[in-house]
Amino acid sequence: MATKARKGTAIKVGKGKVRGNGEGGVWQIPDDAKRHAGKWRCTVELGYKADGTRVRRNLIAASKAEILVKLAAAKSDAVAPTSTAPKDLTVAKFLEDWLDTLELAGLAPRTIEQRRLFTRLYLVPEIGRDKLVDLKPEDVEKMLRRLATRPGRPLSPRTLQLVRCILGTALTRAEKFGYVAGNAAKLSTAPKSTSKKRDAYTADEVKLLLRTAGGSRIGRVVELIALTGLRRGELGALRWSNVNFDKGLITVDGTLAKDLSVGATKTRSSQGSISLPPAAVELLRAQARHQADDMNSVSADVWEERGFVFTTGTGGPLNGDHLARDFTALCKKAEVRCLGLHALRHTFATLALKAGIPLIVVSRTLRHASITITANQYAHVVPELQEEAVNAVAGAIAGWR
């Protein structure tokens with residue numbers, strides 16, 4: 001079995017005895033193999049050539065001790081300076097050039113904005129003056145420790161992980177161009193992950209919010225997110241062409257950016273169709289009627305027709321910040337905890353899981369990239385579900401005595 005390895009580490013190859021702790025990816029070839037039976041081997045990654053192609057070496061030795069010596073020597077070669085980058089190229093200058101390529105990569109506007117922000121706030125101040133060719137994993141780890149312990153506003157483990165991830169993505173480009181022999185960020189030790197409980201509203205709180213909203217625009221927004229788990233930007237980008245009233249489906253294929261343009265969804269897996277309950281279908285029909293009233297109340301030259309489901313009084317797309325502001329005002333008026341508009345998405349997931357909906361179905365409806373993401377985000381719901389599960393099984397087999 002072969003597994004992907006970091007630069008300067010080995011790949012397990014073949015079948016046989018497992019390596020010991022700290023010995024890298026060495027592997028013994030089975031005795032019944034056609035070639036090199038009984039010998040030890042590994043494949044080690046040595047980075048990239050200037051043209052972007054990978055550099056690998058296959059190592060074979062007669063004994064385990066010998067292959068470990070060869071592996072150690074190969075790892076030393078992997079971290080040796082083989083950069084083709086100018087020696088005076090700083091990390092800050094490289095990151096500046098890398099940021100200019102993000103829009104060409106077709107990333108979502110919010111992703112680009114986050115990478116620019118984190119680069120400006122954390123990466124450039126901490127390691128921007130360092131020479132790119134001299135950047136090492138220990139430099140990255142020291143930077144993360146400084147950010148984690150800085151006075152006043154230390155960064156959370158989750159934010160530290162994002163900082164490391166963004167730097168790793170940038171250095172991948174440096175690897176492909178042969179600027180560095182190894183990715184210092186990916187070779188560094190990742191900050192310890194912490195599981196953050198996702199705050200959600202109770203069903204009673206959602207009902208109170210909707211009663212207080214009284215069928216207003218913000219009330220219809222709240223209800224649709226609570227019924228479908230849509231993200232705020234996805235709701236803003238929703239067009240009537242995405243709604244199938246006959247089949248009770250909506251299709252998510254974009255997200256509304258801060259500049260009110262429609263861009264790509266958060267991830268490719270975020271695209272997809274969501275089944276609508278009858279209440280949501282009726283809600284959207286009501287929204288169509290309200291939109292028609294808005295259109296008739298203004299002159300034709302004032303109305304901005306772009307096909308959006310949720311609009312301002314003149315047909316323009318809804319500003320996400322304005323929605324958040326209106327939602328905060330609604331929470332205060334209803335005397336309900338103000339957890340933010342996104343908490344309605346977590347409310348949908350939490351209530352669905354507590355209702356016994358399988359995790360895979362909830363994950364698909366939320367359009368997470370994997371079921372693991374859903375499981376990690378809503379792990380706090382599991383103990384309650386476990387209690388219900390064991391009680392249900394106990395009830396099913398009760399009375400056997």
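Me: Hi! Does Thr350 count as buried or exposed, and why?
Reply: Hello! Thr350 counts as buried because its relative accessibility is 9%. Here buried means under 20% relative accessible area, exposed means over 50%, and partly exposed lies in between, with a 1.4 Å probe and protein chains only.

Me: What kind of model is this?
Reply: This is a predicted model, where local features need pLDDT of at least 70, side-chain atom pairs count only at pLDDT 80 or more, and totals for chains, interfaces and linings use all residues. Residues are numbered from 1 along each chain as its sequence is written, and side-chain values use heavy atoms, with hydrogens and water left out.

Me: Back to Thr350: which helix is it found in?
Reply: Thr350 is in helix α12, residues 343-354. Helices (H or I, at least four residues) and strands (E, at least two) are DSSP runs, numbered from the N terminus.

Me: And which residues does Thr350 touch?
Reply: Leaving out residues up to four places away in sequence, Thr350 touches Ala200, Tyr378, His380 and Val381. A contact means heavy atoms within 4.5 Å.

Me: Zooming out, how many helices and strands are in the chain?
Reply: The chain has 15 helices and nine strands. It has 401 residues, and 38% of them count as buried.

Me: New topic: how many disulfides are there?
Reply: The structure holds zero disulfides, a disulfide being a pair of cysteine sulfur atoms within 2.5 Å.

Me: How many cavities of 30 Å³ or more does a search of the whole structure find?
Reply: The search finds one. On a 1 Å grid over the protein atoms alone, a cavity is a set of points where a 1.4 Å probe fits but cannot get out, and lining residues have an atom within 4 Å of a point. The largest cavity has a volume of about 150 Å³, a volume being the space filled by probe spheres set on the points, which are joined across faces, edges and corners.

Me: Which residues are closest to its centre?
Reply: Of the 13 residues that line the largest cavity, the closest to its centre are Arg232, Leu256, Ala257, Lys258 and Gly320. The elements giving two or more residues to this lining are α9 (232-237) and α11 (320-334).

Definitions and conventions: On a 1 Å grid over the protein atoms alone, a cavity is a set of points where a 1.4 Å probe fits but cannot get out, and a pocket is an open set with protein on both sides within 12 Å along at least five of seven lines; lining residues have an atom within 4 Å of a point.
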